[in-house]
Each structure stands twice: as C-alpha cells, then as structure tokens.
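Hi,

Here is the structure I promised to pass on. Have a look at it first, and my notes follow below.

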Amino acid sequence: MPKLITQVGCPYCGSSCDDIEVLVSDDGKKVLEVHNACTIGNNLFHHANDSTRPMLPRKRQPDGSMKEISYDEAVDYTAKTLLAAKKPLIFGFGSTNCEGMSAVGRVAEKAGAVLDNCASICHGPSFLAIFDNGYPSCTLGEVKNRADCVVFWGCNPMHAHPRHTSRYSIFPRGFFTQKGQMQRTIISVDPRVSDTAKLADIHYMLNQGHDYELFDAFRTVLRGHDIPDEVAGIKKEQILQGAEAMKKARFVMIFFGMGCTHTDGRNHNVDIAISLTRDLNTHTKASIMAMRGHYNIAGPGQVWSWQFGFPYCIDLSKGSHAHMNPGETSSVDLAMRDEVDCFVNVGTDAGAHWPIDAVKHVKKHPFITIDPNFCMASEISDLHIPVRIAGVDEGGVVYRMDNVPIQFKAVLKGLTGVPSDEELFDMIYERMCKLTLTEPIWLAALEHRKYPSVVS
Amino acid sequence: MPKIRLNMITQRSIEEGAAMEKGKTNPDYFTACSICEMNPEDMKKAGIWKSTNVRVTSECGSVIVKAIEPTQFVPPGLAHIRQGVWANQVVPPRTQSTGVPQYSGFPVTIEPAPNERLKTALELVQGAVGLWKGGN
Amino acid sequence: MAEILIKNGFVIDPTRKIDGDVADVAIKDGKIVDTVSSAAKVIDAKGKVVMAGGVDVHAHVAGPKVNVGRLFRPEDKLFKSPMAQKNGYRMESGFSVPSTFKTGYDYARMGYAFVMEAAMPPLFTAHVHEEIHDTPIIDEAALPVFGNNWFVMDYLKKGEIENTAAYIAWLIRVTKGFGIKVVNPGGTAAWSWGLNCLSLDDPVPYFEITPREIIIGLMKANEYLGLPHSMHIHQNNLGNPGNYAITLDSLKLAEGIKPKNKFGREQVMHSTHLQFHSYGGDSWANFESKAKEVMDYVNQNKGITVDLGCVTLDETTTMTADGPFEHHLNHLNHLKWCNVDVELETAAGVVPYVYDKNIKVCGIQWAVGLELGLYATDPNRTFVSTDHPNAGPFIRYPRIIKWLMSKKAREATLDTFKYKDKVIDATNIHSMDRELTLYEIAQMTRSGPAKCLGLSNIYGGLAPGMNADVGVFDLNYKNMPSDPEMIEKAFLRAACFIKSGEIVVRDGEVLGHGHKNTIWVNVKMPENPQVMRDITQSFTKDYTVGLSNYPVRDYLAPHPFVIDVDVEA
Amino acid sequence: MATVTLKPTKTPTIMFEAFNITPDAFAGKTPAQIAALEGREGKIKVTIGDFFEVSGSPGATAAETDIVIAGDCSRVKYIGNKMTAGSITVNGNADMYVGGWMKGGKIHVKGNVHSFCGIGMEGGDILIDGKAENYVGCAYRGDWRGMKDGTIRIKGSAGNDIGTFMLGGTIIIENNAFIHVSTHAEGGTVIIKGDVEGRVGGQMVKGDIYILGKVQYMLPGFKKIEVVEKEVDGVKGTFDHYIGDLGERHPKSKGKEIFANLYVKAAA
C-alpha cells in the first residue's frame, strides 16, 4: 500500500511550507504524488526518484574523467586535503539540515577553515544591516493574522517564494484579517512590473539601483519634512500616498529581497529599510523580514551564531578565536583575492551561482563538492561526494525565513549506503582526528547527535 | 553592427526554479535560463529580432543568450537575464566589500549575434575551467 | 565511574546546616556517597572551600533571542573572549552573549552545575533544545513563556483554571519544558499592536483580560498541576522610575495562594531580576532606590522567592520577552534594536546597553541590586543573578559575590563613579555595613535556588544520594583574604569542579565535557478533549506550522532527566 | 629616532596577517627578535622573518621607532594595527586594515591600499599616496563607534563607505569617491575633493561633509538652507549648505534640532 505522509516540509524556498502531503510507494523508495506544493517543490520531490542519482563518490582522474571510489577513500581524501590546506573554504549549505551544519562546525574548526554559507552571495548584506541597525521582525503567523499593509521591496515572491503570498502575506484570512486580501494594502517596489507588482495596490517602478533614495524619501516624509518633486523616478505625490498608507495601517509588514541586496549600496538599502521600520513604530506597528531564499538558509545563521558568534563568513583559521568581516572573509572576496587554497562546496552549486571569474579562482586549488545530485560544481570538482537529500530522504531541523525552527520529516528511505550530510561530516571529522592523533569532541555522545533513522 | 548599452539585472524566476529542481543539465533549465529579457524598444534600437541570439558583454566577459520580449515588463534601459549559469558568465565579481557580487545593476553591451550558438550550461562552466571535452 | 574523595576541605552545605566544618566528600557513580573505597581518586581540598555545584535560577543562555544577541553583535566578539582555552576544546566566542560552548565552559569554570534558561518561546522550542544540546557540561532546563499566550488568556478570561492547566501540561510536555514563565503579563500581547500594559489593571487589547487576572490565574494553574517550580514572573513596567509600587502590588497577589507540590517547594511566586523592579522617583532626574521597601515585603512573605538581577557595570546585551520594554529602551539609547513577535505566544526584543560608571542612573541601578541582597533576611529565598546578560554577563557572579561579601569592594566601586555623591543620595548602599558570609552565599547560589526549583533532592547540597556536583574554591574559610579581589578570583575559576562525578575543571581550566543532562517535566494528566480540540483548531487556522511538527522530537534532547508529575483528575 | 627596515623577500601565497608590524611591537627588540615576531598565513603560524629581511634597529619605545617597508605589501594585512606612536612608511601598496584601530603615530603608504583602511581608528595620521578601496575610516561590523579621531588622507580616489558610523576625526579624499559618505555618522568631517555618485550623508545624525566636486544624486533628506563662503583644506570657495538627513533622528540642543551639515561647492 502506498503511504500518504502529511505535514511534510518542503525543502525548496524560504517559505518552508510544512503542509505538503507526499504519497510514497509501498517500499518507501519512490515518490508517487505530491500535494499542496508549488511547481518547484513538486519537481523537487519527484526528482528524488531519478534513477541516475549518484550513489558513490567520484574522483577526477588525471585524464579529466570521473571514477567512482568508496566513501572511505573519499573521506580520507577530504580529511587530508582539508588538513593540508593553509586556508580552506567551506561554502554552501543552501540545502542542508541543521544537524549537518552543526557537524560541519567541528570539521571547519579542526581544518582552520573559513565557514560560509549562501547568504554570502544572497542575504549577506541583510546580516550587515542587522549588525548595524537591528531587526524589528516577527514570525509569519503575525503577518497572516495582523498585517493590513504589506510592502514587497525588491522581492518577487510570485516567482521566488510561490506559496508565500497564499500562506502568509497577501491572500490568507487570519485572526484579525478575516477578509484576507481585501483587507490588505499591497505595495510593491520593483524596477520591473513583476508578477508580484501586478498584485499590488501601489507599485513603485523606481529607477533600478536607487532604492536608498526612495527609502530616505519615505523617512523624510514621515518626519514631516518636504522632499523633491521626484525621487528615484517616483513622483512626490505617489510617495506621499504610500507613506500615508503605511502610517494609517494597523500593522505594516515590509518584505525585502535581492532587489536590495544585489545592487549598489547592498547592506545600506536594507539598513535604511530597518530605519524606516523603526520610524513606523512610532506611528503604528511595523515589522520587517528578509525573504530568505532557501528553506533552511536561515539555519547556518542560527547554528553558527550559537557555535561561533557569527552567522556567516567565519574565519576559523586563527585557531584561538573566530573572525568575521564580510568583504574580507566572504567567499567571493576570498576567491577573487586568492586567499583560499581549497574549496569545499556543500549543498549548493557555486559552479552555477557564482560569477564565473570567482569559480575560475577557486578552481586553481583542490575542489570538492558534497551534494546529492549532479550539478555544475560537481562536474568541475576533483571529488564529488553524494549525500542524502535533506527534507526528502533525511529529516531534521530547518529554520524558516522568520527563523522559526521546523522539524522536517524524511519521506523516502534514501539510497543504500549514501550517508547524510551529518554522517559524512562526522566521518571526515573522525578521520581528521585520527590523522592528527587528537581526541574528537562530541559534547553529547556521538550516538545521540545523529538524526535518527526512525523518529517517533 | 548596432549595439545598445543597458543596465543588467539577474534575478530569480519560477521557470528557473522549477527547471533547476529537475537538474541543471535538463533541457528545461537551458530553455529557462539562456535568455535575455529586454524592452522591445531597445531591441529595435539595437536591430535585434525577438527570439534571436545576442551577445551580452560586461566588464568581465560575454555570453550568447536568446533575446526575448519580457515575461515580466522591463522598462527601456533595463535588461534581465534569469539567475543561473548564463547570467553568471557576465556578472561582475566585485562586491563593494560586502561579499555579494554585482548581480544586479551593472552595465552591459548587447548586440545581435544571430549566427552564434547558445552553449549548454555544462559547456560554459567546464569550458571556463578547461575541463570541457565536447566539441565547439 | 571512578570514585573520588575530596579530602579535608572546609565544607559549606546549608541543606545540612554545615558551615565550614573540615570534612571529606565522597563520590561514587555520579552521586555523593557516605564512603568510598581506598581506590578512590583523592583531591586535596585542604585550606579550600567545598560547596555543591552552583544553581542558576534565571539566565538567558539558549534560544532565539539569545542567538539574536550573538548574531547581531559582532562587536561583542572583537578582541574579546575572556578565559578562552586554546587547544582541544571547542572555540570560545563572545563576551556579553557567549557562544554555547563558551557558556558551558565558563559556568563550569565557576563551579555551576545547573542553569535555567529563563524564557523559551514555545514555537521556537526546537531551537532552544538545539542550543542546550550544544552547551557542554552544565545541566539545563527551560521555562516556556505563558503570560501572553492566546490559549491562556482565553481560558483565564473565562475563569477556566482547569483548561488553563490542561493546556499548560500539554505545552510543557511537547516543549520538554520545566515550568511556567510569565513576562510582562498582557503587556507583551499588547505589544503585538504596538501597545503595553503598565499597570495591573490595563486590559489587553482584544482579550480584555488584565495582568492581575493572568498572574493570579497562572499561580492557581501552577498549584493545580503541582509543578516542581512556582510561577516565575518578570513583572510589568520593568525598568521605569517609580515601578516599585506595581512590583509590591504584584507580589501581594501571591498572598492568597498556597503551595501544593511534592518537591519541597514553599513559594508560589518567583519574582525575577527584582533590581529592575525596585525603582522610586517619577523621572530619571529623581530616580532612586526602593530596594528596602521591596525587600521588607519579600522578607515577611514566605510565599515569594526572588533573584537579584544585579547590574555589573559592563557593556552588555539586553534581551527579554518584554517586547515593549526593548522598544522603549531603544528610544533611550538609540542603539540597534531587534524584535521578534511570535504568533499566538509571545514576543522578544534585544538591544545592546552600556552600563556606564559615568552615568548616575547606572550607578543607582548597581546599588539597587546589591541592596536587595544585603537587605535579605532569608538568603535561602534570595538568589544571585544578573538576569544574564541583561544586567551583566553571568561571568560577573563572582564579582557580585565579592560586592555582597565586602563593603570595602563596594566602596572601591562607588569611588570610581563620576556622580558618586548623587548615587549615594539616591540609595542606601553607602550606609550598609552588612557583609554576607560564605554560608549565606551558598544559600543564595546553591541550596536556595535548588529548593525554589523543586530540585533540592538533586542539586544545591552535598548529602549522600545527591548529584555529585562539587566545587572546590581557593578560599580559606578560617582566614579569608583581606583583598576582596581574591574572592572574585576564587569563584571565577574553581580550583576543582566535579560534575556528575567527573572532574571537569582543574585550576580554572576545563578538562572534560562531563555528563550533561536536559531536565524536563512530564506532567501526566487525563486528556482534556476540549483543550485538545482548541489546540487542533488553532493550529489549523491561526498558526503557520503544522501541529505534528510542533512537539520537539526526542533526539533533540539527549540524556534527558525527566521529572514526572502526576495530576489527579 | 631609530629606523627598522623591512625588505620583502617572498610574496605570501595566502595573505600574510602581519598584526605585529607596528612600532609598539618592534620597540626595544633586536632585528632577530623582530624577525621572530608572529603572524599568520591562513592557519599557519609564520613570522615576519618568513617574508621580510629585517635590518636597522628600533628605538626603546614606539614613539622613537620608525618602520620602513622597502617594497610591495599587496599581500600583507594589518600593517600598523592598533599602533600608538612612531611611524610606518610603505614604499609600495598595502592590503587591508592599514592603520586599523590605530591610536597614534603616522602611517604613509606610497602606493594603494585595499579596504578597511583606518577601521576603528582613534588617533594618529594615515597618508595614502595612491587610491583606497572601500570602507575608509569605517566602524567594525555592528559597532556604532566608528572612527573617533585622527586624520586619513587619500590622495587618489576611494570606493564606497567612507566614514561609516564616524564620530570624530577627519577623512580627506583628494579624488573621487563612489557612494555612501558618512552614513550613520554622528560626528567628524569628511572632505571629498572630487565627485561623488551619491548617497552622501544618509542616516547621518551629526557631523560635516564637504564635496568640492559634484554630487550626481542628492538624497531627498538633505535640504539647502544657505550659500556660504568656506575654506576647506586650503581651497576657498562658495558652498551650498545643506542640512540633513531629515529622515533621521537628531539630538536637540536648547530645544533646537542639531542636523548634520553637507557643503557642496556651488557651480561656478
């Protein structure tokens, strides 16, 4: 009998929907149907059925081809490579559970590595802004239950977070928002008429790259000062109208995305958005949230903050203390400045998502990919180690974009012999300890750390 | 050949996301990402016919993509390549010392390249690091 | 497990009224025993003080807002990570909000065995337990917050103590929590709309219930369930001039309630970080200490325990589920401000704060905390805390002990104040000559908090059968140092600390990772169909996570120590 | 004064973190002891002697010690880190953190410097003959206490984030700057002698900015109040005086709000 598993978490975007239903074959090895998910989530679960998924590590041969090797050899090679490097970079974690992120902390510490995650090329500037200006935020349930004015600034959830608008932000009928969309004023700020902008009551089609000026205009207006007739390509009247809508609302929610963090000014666009949120709290209730891209990309920010005090760009090479300064210890900067001599790509695809120049720089040195699937990074690696797919054949804790931890379930049994990220990192760590004749530090006993194969 | 100078942004789309989860060597991914969306006015100015190949050149390289009319409206002066392998052939790695490359808001030149061939993701990435074993 | 014999120390154990007797403490299989064999490892404690492991009744050490404090303050790590060890241990980071590794190591260095995480937002339970997991050596438990919870407010509004209790029992079980925490009752719920409750009778918007009703209701529910700990409250109107009046009003609410439990607990209300609630005056200009007025009341009422929340004059990070307070504080100091409103449950705010010796108010706050301790007539009901990290980091407990034990130390600190005379005018500290004894300190840091938490059969003493958590401190009971700095030094780095029968610290350096436990309370009572229906409905309509993903899974809390509480229908 | 000369002998493969190249660390030591001072290259402990030939001898104190680096330091970080007195001259480029958390003394780099030059600076003088990258005279991440005192002069151009969270001191950029000047500043003076693209004085509470070239995009939160004559770093001129950032909070003095000042040279 196929089995229907309910309240499954979706390991795609930062909405981390946990209402997916997956119909699984009798033997627990195939996904038959996926309900409630968006098209992306749907594809993701079905892709796990792919019969060509790698089941063994592959190592590049002198002639450029890849040859399957045992996990033991792969672990040994990785441990030795990390120990030999002066400054290895371990990057990624866009699709890893927190158990894996915690386990890699030990490996990175032992290796004297720089530990970084996808935020480094994504919402990293949001962290910089949070460092400088704080983060008045809330959980997504607050948005659903209370928000009557929702601003999407430089983000396009209709494409990047397909169910965000229906679960949390535009359409749902919440406790104090029983009329759903009818009760909400939607504001979009985007240089394109994106599919999210099309849903907005007010769309600010600003000149690309001039978000900071527009934020400053809103702040200036809110403090009762005059502004020029046009700011960032937007007419003064339209700015006054938006400011009034925000002031009059009972609960203003500002979501922001790559439109702020990928463009000129980076962190400052987010920083001033936070200032605006702070200002709005003297008029009404207001909150702000980063539209985090992946289902658990908030995870490394949390796990590594409690382990090392920093969410990303963590330079552990000093031995005695962790150091962080994006611009210096951030992956792309390290790559471009030739500051690292070994690259480990984990649960992401730097080959596809980094500027190609940066890829060329890290490719000068040993390049290892740890990922369930074939990807661009795996195809240029010296070693590719497959692992189980977090959220599909491995459960675990993930942090949603609002940092709410959600305990994901495994729906499939997983490929025989293929370890989870956590198990793989623990094997690498143990090998490193053996090679350096040191005692591993497990804190709680090793057998308790593992995400168990059967969860009650 | 006429050329046009535009401001480039590279962002996500649902087509890209849906295709990526099938695998980056899947034809859907190629179709979803090897395109450049531009305003028809700009296309006209540069002598570009819709759905033909163009060369996009930035300060750090160039890539052949197919020019299409925007799926989401793009005003004149702005161009959009969906996030992914093709976009990243031209994204400048400069970070303003924040860690994040200039994924959006960088100047590019776009010119017709009707006789140029679109390369696959694998050819672009492996080719960049000297591992591409396929033909040209 | 090996046997250990701690020989010839000056033993201080208030649970058995032992005050400085030279005696041996024997340990076997993780417990204190009467005797051990000659094979036991001997630790020479001659000329040193021997006490049970410390028990911290209230600190913010694990969970979402603590981690916000770490995440958003990189400058709290820059050139600052005191006491860090180099090789063979996990890396240590942070000053006011240390990393989990550093938290465990530093508590162990101070000879602490148990720490209560003081505020767990239920929706973030998995996060709290993940951090507890990564905190080495020390035993921990966590108090879920209830004072602004929709279910609680709804049931209490209707006067349904039984349903309230049933909901609490369910929530404590699924979160692997320990007891009932209340933070700014009603005020935090009001904050969801940007408002607050500053008096006991301010109604909560929509719920139309008052802080007074919430406090009384939760005390009743607590005793209905017979939990090991009492209701644990952070009162309304924290941190404002003149708030001692509402503090006294709130404390008086305990008068009608009788403790009912099987754990030896005598109080029905634990009022936390009392320093922040004992202010007079009506503005920052005439701000003054009301420590005496507040402690006079506490001293007379056995139904109340308190912890101090001493200001340590450091640059630190404030964090509390009192969301409106942090917003208010941000308007005072203009530093960065984090806030998280949690759907249906609570909120939290985080703001850095510099307690500056050159600011009069900070000096007064410092005095208030110490005065509370010095006015206490029952040290077994008055505990050392800093509300870590709010009034200062926990690594300052030894400094507080120094101040409490030495007038000379207090005067030395007063002398460093820019507005010394104004601080003296607004407080009583300068005229207080009391110097607490080591026995009283042991009550305030060991036996007292253990009893208050209902854990006195496990922690806080050295009687056979109790957990073998024993600290040896380099202080000569018979010949105490004339330099008060030596007191701080001795308590900051234990000469030896044994946790669960294993030596984990020697000469202030960590030697091992010990045997850590997570302690939680399993309240067993017949299922209440009404409450379960309400919970199911609310998760379908109001929450954004699925009910089946809400209870924290067993593997996240390894090495549990579960306290069963049976509630008769 | 006594001079120590460091002659580069080897280019570090990973960057050399030379936090000990300061008059404070050198003072009173022999060349051999200086060569043995620690630094890091990635996770490897290295010494100054691994990359430099040390000659000459320092004074007894930092104030009496001059350091000359006779060559390129493009891959050397932290030169002059936390120094309190004395001087350092680099006859070439230097990498990140030149004069970071510096308290006193002088640094002169004859080439270019990378980012974070003068980060967390509390006093002293930094002179860069070439250009600087980003974050000149900024605060460390998250710290609200940026540059407190001292002077940084960049003869070339600079990138983004000049004087972020600045509280005091002076930064002079003799050529162009990109974006974000004195963002979040609560004091201090920034002088840009060339052009700036924009975002000048955003979220600024207090302090002064002088732009002798053009500002391409002015912030809407700055309002012109008057035209004044000023002499700025030896240049006399007519300036449009703006106050702002009107969107930001401002302290009050005698009931009046105190704003930050932006002086932009009036068009001729």
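Which strand of chain C is joined to β8(A), and do the two run parallel or antiparallel? The partner is β16 of chain C, residues 337-342, and the two strands run parallel, with five bridges joining them. If you want a residue pair to click on, Pro136(A) stands opposite Asn339(C) in β16(C). One caveat before going further: this is a predicted model.

Now the rest of that interface. On the chain A side, 59 residues are in contact with 54 residues of chain C. Quite a list of chain A elements supplies at least two residues each to the side touching chain C. Among them are the helices α3 (98-111), α4 (124-133), α5 (140-146), α7 (164-169) and α12 (298-308). By residue type, the side of chain A that touches chain C divides into 26 nonpolar, 22 polar and 11 charged.

Next, the domains. Chain A is divided into domain 1 (3-47), domain 2 (58-123 + 295-449) and domain 3 (124-290). Note that domain 2 is given as two segments, 58-123 and 295-449. The C-alpha centres of domains 1 and 2 of chain A lie 25 Å apart. Their contact takes 17 residues from domain 1 and 15 residues from domain 2. On the domain 1 side, the elements giving two or more residues to this contact are β1 and β2 of chain A. That side divides into 10 nonpolar, five polar and two charged residues.

In chain A, three strands form an open sheet in the order β1-β2-β3, with antiparallel pairing. The edges are β1 (3-8) and β3 (31-35), each of which pairs on one side only. From one strand to the next, the twist averages 20 degrees. Strand β2 of chain A, residues 20-24, pairs with β3(A) over four bridges in the antiparallel sense. Within that pairing, Val22(A) has Val34(A) in β3(A) as its bridge partner.

What packs on this sheet? Helix α1 of chain A, residues 39-47, does, touching β2 and β3 of chain A. The direction of α1 makes about 165 degrees with that of β3(A).

Cheers

Notes
Residues are numbered from 1 along each chain as its sequence is written. Chains are lettered from A and ligands numbered from 1 in the order in which they are written. This is a predicted model: local features need pLDDT of at least 70, side-chain atom pairs count only at pLDDT 80 or more; totals for chains, interfaces and linings use all residues. Two residues are in contact if their C-beta atoms, placed from the backbone, lie within 7 Å. Ala, Val, Leu, Ile, Met, Phe, Trp, Tyr, Cys and Pro count as nonpolar, Asp, Glu, Lys and Arg as charged, and the others, Gly among them, as polar. Two strands pair if DSSP finds at least two bridges between them. Axes are lines fitted to C-alpha atoms, for helices over the stretch in contact, and angles run from 0 to 180 degrees between N-to-C directions. Domain bounds come from an automatic or database domain assignment.
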